[in-house]
Amino acid sequence: MATYAPTSIILYVADVDASTAFYRRALGKDPVATFQDFAVFALTSDVTVGLQTRDAIDPTPTGTPGCVELSMSYATRDDVDALYREWTTLGFPIALEPTTRDFGYTFVAHDPDGHRLRVCATETSGLG
């Protein structure tokens with residue numbers, strides 16, 4: 001039997017160039033590959049996030065932007081506060097200011113298409 005594991009997340013976006021610029025600033029790095037209507041960022045050595053122009057994918061997606069959340073939970077409380085300040089300075093839309101929830105200390109921002117980016121010092125990560 002073949003062994004496989006998920007290795008990428010694809011976000012459908014209205015404007016791949018605008019989204020690439022956003023994620024370049026949010027992640028603090030350049031994409032590992034760019035093509036017409038598609039860009040790829042390495043999240044870890046094993047996982048990537050792809051940005052695909054919504055109108056250039058077949059079959060046409062039916063979901064609504066903003067239904068996806070990228071959660072970055074290997075953070076400390078200080079990391080959460082520092083990234084919140086950085087992203088606020090960059091003008092990123094903030095959906096949830098830093099706050100403590102049952103699962104840890106967190107905040108949520110939006111990308112240009114309304115996808116959520118959660119940064120969290122979780123109680124389960126051992127770093128909260």
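Strands β3 (residues 38-42) and β4 (residues 48-53) pair in the antiparallel sense over five bridges; two strands count as paired if DSSP finds at least two bridges between them. Helices (H or I, at least four residues) and strands (E, at least two) are DSSP runs, numbered from the N terminus. This is a predicted model, in which local features need pLDDT of at least 70 and side-chain atom pairs count only at pLDDT 80 or more, while totals for chains, interfaces and linings use all residues. Residues are numbered from 1 along each chain as its sequence is written, and side-chain values use heavy atoms, with hydrogens and water left out.

- The open sheet holds four strands in the order β1-β4-β3-β2, and the pairing is mixed.
- β1 (8-13) and β2 (33-35) are the edge strands, since each pairs on one side only.
- From one strand to the next, the twist averages 15°; axes are lines fitted to C-alpha atoms, for helices over the stretch in contact, and angles run from 0 to 180 degrees between N-to-C directions.
- Helix α1 (residues 16-27) lies across β1, β3 and β4 and runs at about 10° to β3; contact here means heavy atoms within 4.5 Å.

**V13 in strand β1**

- V13 lies in strand β1.
- V13 is buried, with a relative accessible area of 0%; buried means under 20% relative accessible area, exposed over 50%, and partly exposed in between (1.4 Å probe, protein chains only).
- Not counting residues up to four places away in sequence, V13 touches S19, L51, Q52, T53, R54 and D113.
- V13 and P65 are 52 residues apart in sequence, and their C-alpha atoms are 7.8 Å apart in space.

**Nonpolar core**

- The largest nonpolar core has 22 residues, of which L11, Y23, L51, V80, W87 and F107 touch the most other members.
- Such a core is a set of buried Ala, Val, Leu, Ile, Met, Phe, Trp, Tyr and Cys residues joined through side-chain atoms within 4.5 Å.
- Two or more residues of this core come from each of β1, α1, β3, β4, α2 (77-89), β7 and β8.
- α1 gives the most to this core, with four residues.
- W87 counts as buried at 1% relative accessibility.
- Leaving out residues up to four places away in sequence, W87 touches A26, M72, F92, F107, A109, L117 and V119.

**Aromatic pairs**

- Rings of Phe, Tyr and Trp (its six-membered ring) pair if their centres lie within 6.5 Å; planes under 30 degrees apart count as stacked, over 60 as edge-to-face and the rest as tilted.
- By this rule there are seven aromatic pairs.
- The ring centres of Y84 and F107 are 5.4 Å apart and their planes stand at 75°, so this pair is edge-to-face.
- Y84 lies in helix α2 and F107 in strand β7, so the pair ties together parts that are 23 residues apart in sequence.
- Y84 is buried with a relative accessible area of 15%, and F107 is buried with a relative accessible area of 0%.
- For W87 and F107, the ring centres are 5.6 Å apart and the planes stand at 75°, so the pair is edge-to-face.
- That pair links distant parts of the chain, with W87 in helix α2 and F107 in strand β7, 20 residues apart.
- Ring pairs join F22, Y23, F41, Y84, W87, F92 and F107 into a cluster.

**Loop residues**

- D37 lies in the loop between β2 and β3.
- Although D37 is not a glycine, its phi is positive, at about 70°.
- D37 counts as partly exposed at 26% relative accessibility.
- P59 is found in the loop between β4 and β5 (69-72).
- The peptide bond that joins D58 and P59 is cis, with omega about 5°.
- H115 has its place in the loop between β7 (104-110) and β8 (116-122).
- H115 counts as buried at 4% relative accessibility.
- A polar atom of the H115 side chain lies 3.1 Å from the backbone oxygen of Y12; a polar contact is a pair of N or O atoms within 3.5 Å, and within protein one must be able to donate a hydrogen and the other to accept it, with residues adjacent in sequence counting only if both atoms are side-chain atoms.
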